[in-house]
Amino acid sequence: LFGYIGNDGSVSNVNVSNVHLEGYKYVGAICGYLSQGTITNCNASIGKIDSWTHYAGGICGYVKSGTISNCFNSCFLDAKYQSVGGICGYNNGTIDNCRNSADINIDEPYYVGGVCGYNEGTIKNSFNNSVRIASSGQYVGGVCGLNKFYIINCKNKASVSADQGYVGGVCGKSLYGQIIDCYNDGEVYIMKVEETSEEYDYIGGVCGYAEDTRFENCYNLRGIYTPWDYAGGICGYLGDGGNIQDCHNEGSVSASSYVGGVCGYGTFTGYITNCYNTGSITGSGNYVGGIGGRLSGNITTMVCYNTGSISGGWNFVGGISGYSLNDTKNCYNKGDVRGSHMYIGGLLGSNWDNVINCYNTGRVEGKSNVGGLVGDNDQEEGEHIFNCFQTGEVSGTGDNIGELCGVNNSSGTITRC
């Protein structure tokens, strides 16, 4: 209807149907480019919206600064390059209480989301209930493809898939953002069966890849699958400044290496606290865990638990984490843990720091370096396993099978266990 809405512009209570709209860029059923105005109580239904380059949205193509609220889209969307969303292609304003029910299934473009393709503003109280969000490109999410600010109280029910890159039930990739009170209820998967570039792929029930991002009170209910690495029930890769709090996963997670019920790979500085996993976690390679696959740097795990079955195809498999470089406190595992080779533990496959007030009751099976608490305890001097217990059956077909630790190196201490 409008190519451009300026500072004081306002559009409300407009319904458009049988939409057939094409443009070079900034394409939307209500508005192409929203500068600082408002779009309220507007709907777009039945039809197709197509941008030949960038920024296609069911309601608005590009939001520079403004608000879209109480809007609904069911028009099919397409763009040739980047930034496609059920409500808007790019957002630097506010999207509030909006809903998309249109499937997005396109080739090539980056930044594809059920609500917004590329977000540098706020998305809140919004919902994608289409059947499928899919692209052969990268940065694909049920709510948002790429996030650089806030996503609050949003949900996705569509399956989300891509051939490569960053894929998540809520957000494909998040940088310098916050994702709060969000959940995913659609399957998430990477479709390609052969590596096509030197870049890695990241997949998560909530977010594929995150740095400087806080996750709070988020959860995933559906299965996560990739034939490659870096998969997590909440986040596939958690980088510097990433924190996960009060989150949980109920879906199965299946990948190669770096596979976790909450986080596939966590590194640098951050924490995972008050989280849990009940889904089955399967990795055909290394670093598989009920909470984290591999937790490096200064990632601390506190007040977390796992009840799902954990299965690893090679080394470093644990009920809480396959490999941990920092503290694990007040955590427990009740799921069975099975690994095909070395460093298999009821809590941690390999430990390099303190383990305090933790326990395991799950069955633990492996080949060598298998322990009811820790498979391989490689603590530095002054750090220890303290006030922990385990009651699960422990078995192995090779060397170094222990009720508490498979191997406790000379600097490691075990006290009150």
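User: In which loop does Val-303 lie?

Analyst: This is a predicted model, in which local features need pLDDT of at least 70, side-chain atom pairs count only at pLDDT 80 or more, and totals for chains, interfaces and linings use all residues. Residues are numbered from 1 along each chain as its sequence is written, and side-chain values use heavy atoms, with hydrogens and water left out. Strands are DSSP runs of E with at least two residues, helices are runs of H or I with at least four residues, and both are numbered from the N terminus. Val-303 lies in the loop between strand S50 (298-302) and strand S51 (305-306).

User: What is the phi of Val-303?

Analyst: Most residues other than glycine have a negative phi. Val-303 is not a glycine, yet its phi is positive, at about 55 degrees.

User: Is Val-303 buried, partly exposed or exposed?

Analyst: Buried means under 20% relative accessible area, exposed over 50%, and partly exposed in between (1.4 Å probe, protein chains only). The relative accessible area of Val-303 is 41%, so Val-303 is partly exposed.

User: Where is Tyr-139, and is it buried or exposed?

Analyst: Tyr-139 is not a glycine either, and has a positive phi of about 60 degrees. Its place is in the loop between strand S22 (132-135) and strand S23 (140-141). With a relative accessible area of 13%, Tyr-139 is buried.

User: How many helices and strands does the protein chain have?

Analyst: The count rests on DSSP runs. For the protein chain it comes to zero helices and 70 strands.

User: Why can the protein chain be called as compact as a globular protein of its length?

Analyst: The radius of gyration is taken over C-alpha atoms, and the globule rule is 2.2 Å times the number of residues to the power 0.38. For 417 residues the rule gives 22 Å, so the protein chain is as compact as a globular protein of that length, its own radius of gyration being close to that at 23 Å.

User: How many residues of strand S29 are buried?

Analyst: Strand S29 covers residues 171-175. It is largely enclosed by the rest of the structure, because the number of its residues that are buried is five of the five.

User: Which strand pairs with S29 over four bridges?

Analyst: Two strands pair if DSSP finds at least two bridges between them. Strand S24 (residues 144-147) runs parallel to S29 and is joined to it by three bridges, with Asn-147 the bridge partner of Ser-174 in S29. Leu-175 stands opposite Glu-211 in S34. The strand that pairs with S29 in the parallel sense over four bridges is S34 (residues 207-211).
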